[in-house]
Amino acid sequence: MIGTLFDAPRPRVAGIAALLVLAAVIALTAMADSTMQPVPASAPADRFSAERARAHLEKFATEPRPIGSAASARARNHLTSQLRAAGLDVEVQYAVGARSAAGLATFGQVDNIIARLPGTGSTGTVLIAAHYDSAAMGPGASDDAAAVAAMLETVRALRTGPRPRNDVVLLITDGEEDGVLGAEAFVREHPLGKAGGVLLNWEARGTGGPSLMFETTPGNARLVDTFAGAAPAPRGSSAMVQVYRLLPNNTDFTPLTRAGYTGMNFAYIQNSSHYHTATDTIANLNPGSLQHHGSTMLALTRALGGTDLRTLGSGHDATYFRALGVMITYPGQLTWPLAVLAVVAVAALALPARTRRLLTLPRLLVAAVSALLPLILSAALAQGLWALLATWRPAYDLMGGLLHHPRPYQAAVAALSASAVLGWHLALRRALGSAATAIAALFWLAALGLLCAWLAPGAAFLFTLPALLGALGWLAALLRRAPGWSRMLLALAGPATAAMLLPALAGDVFDGMGLSLAGVPALVLALFLLTAVPIADLFLTRSKRATVLAVPLTAVVLAAALVATGLAADGFDADHPGRTHLAYVMDAGTRTAHWVSADTDPAPWTSRYVTGRDTSALPPGYARGALRTGPAPAITAGAPRADVLAHRGTTLKLHVTPAKGARSVTLRLDQPITHVTATAGRFGSATAAVTGTRTGTWPSEIRLRGIPARGATFTVRTQGQDRIRLTVISETDGLPAVPGFVPRPADLVAATREDGDLTAVTRTYTLTRNA
């Protein structure tokens, strides 16, 4: 005999009620995790006001501020004057920052702003960090000017009360966008960089949403307690912390914590289609996100400013998350016991179900193994949907899946996951019984909880708690002799817990990663739906086979309708522009020039300039990856120059002078390099060790952002070959107004590729080693 774990007296009414409960849980979770309401400038002086902070943005965040630009200097001057006016001790650190990647050494002339508020009896330093440079493509009102403006408003509010016990230091770094160059220089050269303390770092990957605490240093238990107790509206979870630790991404938080700081990292991530583009403007910044950033910053600065920082160390991490607006924390030591208990609870549920002949062990085994199918299918369908969208609209690919109006597509992904899960359940329920499929779903949640307890402990709660509460709820419903309604409520413990945790996680993944990785949130949604499949039986009791088959097919049709809605609604205009990559390149030696684009399917405006794929006429070593090209008029512009100072053995030393007005230079070499030292006059020098080679271009590349007009000296360690080919690229922001050039239309902005929207003038050398 096979059967269900419980029967409801009026199954369809019970099913509707159960769905309403789960929908309410999801909706309440979303509402509770929203951002804050902005506070007006008329608020009391000791409060943080987004309106007062926004006034600072109007002074320095209305234009792009890439490292080494005139706009960057204007922003630095404004910020230092404001901090001095607030009574802080202010200095500007002039240095060269360095970063290396495969075949690449990046340097930057950085101007870090460091402001101190000495404590009354300091036990350490509270370091508040953000960066004031922006990507070259836009004004960076959110990334990261909002955090800098929040720092100014936080200092103002902080000064209305007693001075903190601990030293408070504001570190406003330069060159973060080019590889955390300012933070690297700070920890390498400044005494405070080596002093250690507690770090609060602030970032953004969008223009809205709550300020999420998404990263901490290991041993965060007491930091998390401080965050949960002090922040007025704490947002984030230990799952974010765990996942971010596994990713290759970094912010200023990375070099600062490697240097000995303990701390927390914050960002808001919604409306991410504006990230690193010209539309990251003050107008597109959600005031509530600025308020949330600042209120959290002020509260934590006050709390940590008055705490004995020597007591914040902890030997373990905490698990923390929000449930219906309440921040829940528990020690990391409970992760393994809870994970094991969840497995035991699922096994305990299977035993009475077997005793009552609701399932057999072979059927349970088949259900558990086959449950992998809807999980895999959900991820595959979501990635397939993205592939279709990128084919239908190649502009989506240029956006990296961070779309302006993604909700219809996200709902389509959810519908596809539902079709996969319902199709699996309905195909097997008669042969295996819904008890077997329900327990199989809990088995996989419990198994994932165990796996996370081993590999990613901070994320284990996402699976352990729904499995544990689900198994206990089903067990109570199975054993309790009570009316069907009470048994149904017990049976909803697992699905309701999953509804609090997993859809919110899927939403965060959608916001942070975009549709290009839609398979990840689809997998999360499928796990949630697996916990709720028994509810489907309440609707399908005594249903005909045709009706049963119609359910997953209806989900597929709904997904198709949602995709059509998305294609109709998500157009491009001045407020929601598409992206395109275009650069102007001229070989100073031959006086030949070309337009260059990496777009696979150029927009009509871009197609005016790039008409073919022939890259053979481009300067040697310039091309990187597949490009489209077109002829361009030569312009009157200076050329970069490389003067060899020494070339013996494996060492090449040269001085590079950029063209007049150029902000950066890039050097490409036709052989691998292992070490580079860049020296930039009074800014000093920095060294980067290089491993590996570049792909799609010459093996090695050296960049210097913000190069002085007099140039810089590079000492490069090579493989010692007698002959080296070197191309020097002098880069100036913006495209030249040559004859026939039509400015970019309002519904297009520059893509995020770093060599776009530049005027590049090159010169190529063949260098021969001295005897």
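Where is the place of Arg 52? I looked this up to begin with and found Arg 52 in helix H2. A reminder to myself: this is a predicted model.

**Arg 52**

Next I asked myself: is Arg 52 buried or exposed? Arg 52 counts as buried, because its relative accessibility is 16% and the cut-off for buried is under 20%. I then listed what Arg 52 touches, leaving aside residues up to four places away in sequence. Ala 41, Ala 43, Pro 44, Ala 45 and Arg 47 are on that list, and so are Glu 153 and Arg 156.

**Helix H2 and helix H3**

Staying with H2, I turned to how this helix meets H3. H2 covers residues 50-60 and H3 covers residues 70-85. I noted that their axes come within 9 Å and cross at roughly 145 degrees. Which residues of H2 meet H3? I found His 56, Lys 59 and Phe 60 on the H2 side. On the H3 side they meet Ala 75, His 78, Leu 79 and Gln 82. Sorted by class, this contact has 3 nonpolar, 3 polar and 1 charged residues.

I went through some of the pairings one by one.

- E14 and E15 (residues 651-657) run antiparallel and are joined by 7 bridges. Here I found Ala 646 with Lys 653 in E15 as its bridge partner.
- E15 and E20 run antiparallel too, with 6 bridges between them. Leu 654 stands opposite Phe 714 in E20.
- E17 (residues 673-679) and E20 (residues 712-718) are also antiparallel, joined by 6 bridges. In this pair I noted Thr 677, which stands opposite Thr 715 in E20.

**The hairpin of E14 and E15**

How many residues lie between the strands of this hairpin? I counted 2 residues there, and Gly 649 takes a positive phi near 60 degrees.

One general point I jotted down for reading the strands: side chains in a regular strand alternate between the two faces of the sheet.

Terms used: Residues numbered from 1 in each chain as written. Predicted model: local features only at pLDDT ≥ 70, side-chain atom pairs only at ≥ 80, totals over all residues. Heavy atoms only, no water. Pairing = 2+ DSSP bridges. Helix = DSSP H or I, 4+ residues; strand = E, 2+ residues; numbered from the N terminus. Axes fitted to C-alpha atoms, helices over the stretch in contact; angles between N-to-C directions. Contact = heavy atoms within 4.5 Å. Nonpolar A, V, L, I, M, F, W, Y, C, P; charged D, E, K, R; others polar. Buried < 20%, exposed > 50% of the residue type's maximum accessible area, 1.4 Å probe, protein only.
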